[in-house]
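Good morning, and thank you for coming. I would like to take you through one model, beginning with a charged residue and the pairs around it. Please look at the structure first.

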Amino acid sequence: MQTLIKTIATDFINEIWNQNQYQLIDKFLHPEFTDHSLPSNLPANKEGLLLWVNATGKAFEHKTLIEDIIHENNKIVLKISMKMKHIG
């Protein structure tokens with residue numbers, strides 16, 4: 001199970017953030033997903049997350065790198081770095 005959770009988290013970063021494969025979003029998010037980190041002008045759900053990722057991609061060339069993963073019980077923490085270049 002631990003490997004599956006790590007795979008889901010790393011695949012989300014790679015496929016959604018890095019490769020912009022937005023059509024795969026339902027593979028990663030529960031229908032009742034809530035994102036508490038989005039700007040307040042965006043809905044705190046899947047649609048808001050996609051708007052944020054898309055807007056970020058228009059303003060920056062970016063690549064998210066996973067530097068470390070900690071997984072215990074039902075929690076996972078990713079240490080990431082983002083390589084970004086402003087393009088608009």
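Let us begin with Lys27, which counts as exposed because its relative accessibility is 52%. Here buried means under 20% relative accessible area, exposed over 50%, and partly exposed in between, with a 1.4 Å probe and protein chains only. Before I continue, a word on the basis: this is a predicted model, in which local features need pLDDT of at least 70 and side-chain atom pairs count only at pLDDT 80 or more, while totals for chains, interfaces and linings use all residues. Residues are numbered from 1 along each chain as its sequence is written, and side-chain values use heavy atoms, with hydrogens and water left out.

What does Lys27 form a salt bridge with? The partner is Glu15, and the closest N and O atoms are 3.0 Å apart. The pair links distant parts of the chain, with Lys27 in the loop between H1 and H2 and Glu15 in helix H1, 12 residues apart. A salt bridge is taken as a side-chain nitrogen of Lys or Arg within 4 Å of a carboxyl oxygen of Asp or Glu. Helices (H or I, at least four residues) and strands (E, at least two) are DSSP runs, numbered from the N terminus. Glu15 is buried, because its relative accessible area is 14%. Helix H1 covers residues 2–18, and Ala9 also lies in H1. Ala9 is buried, with a relative accessible area of 14%, and its C-alpha atom is separated by 9.3 Å from that of Ile69, 60 residues apart along the chain.

In another of them, Asp26 pairs with Lys46, the closest N and O atoms being 2.7 Å apart. Asp26 lies in the loop between H1 and H2 and Lys46 in helix H2, so the pair ties together parts that are 20 residues apart in sequence. Asp26 counts as exposed at 51% relative accessibility, whereas Lys46 is partly exposed at 24%.

That brings us to helix H2, residues 46–59. Its 14 residues reach 20 Å from the first C-alpha to the last, close to the 20 Å expected at 1.5 Å a residue; the expected span is 1.5 Å times one less than the number of residues. Which residues of H2 are buried? They are Gly48, Leu49, Val53, Thr56 and Ala59. These residues lie on the same side of H2, because they cover an arc of only 135° around the axis. The arc is that of the directions from the helix axis to the C-beta atoms. At the start of H2, a side-chain oxygen of Asn45 comes to within 3.1 Å of the backbone nitrogen of Glu47.

Glu67 and Lys79 meet through their side chains in a salt bridge (3.8 Å, N to O). This pair, too, links distant parts of the chain: Glu67 is in strand E1 (residues 60–72) and Lys79 in strand E2, 12 residues apart. Glu67 is partly exposed, with a relative accessible area of 47%. The C-alpha atoms of Glu67 and Ile80, 13 residues apart along the chain, are separated by 5.4 Å. Ile80 is found in strand E2 and is partly exposed at 39% relative accessibility. Strand E2, residues 75–86, also holds Met84, which is partly exposed at 41%.

Definitions and conventions: Polar contact = N/O pair within 3.5 Å; in protein donor to acceptor, adjacent residues only side chain to side chain.
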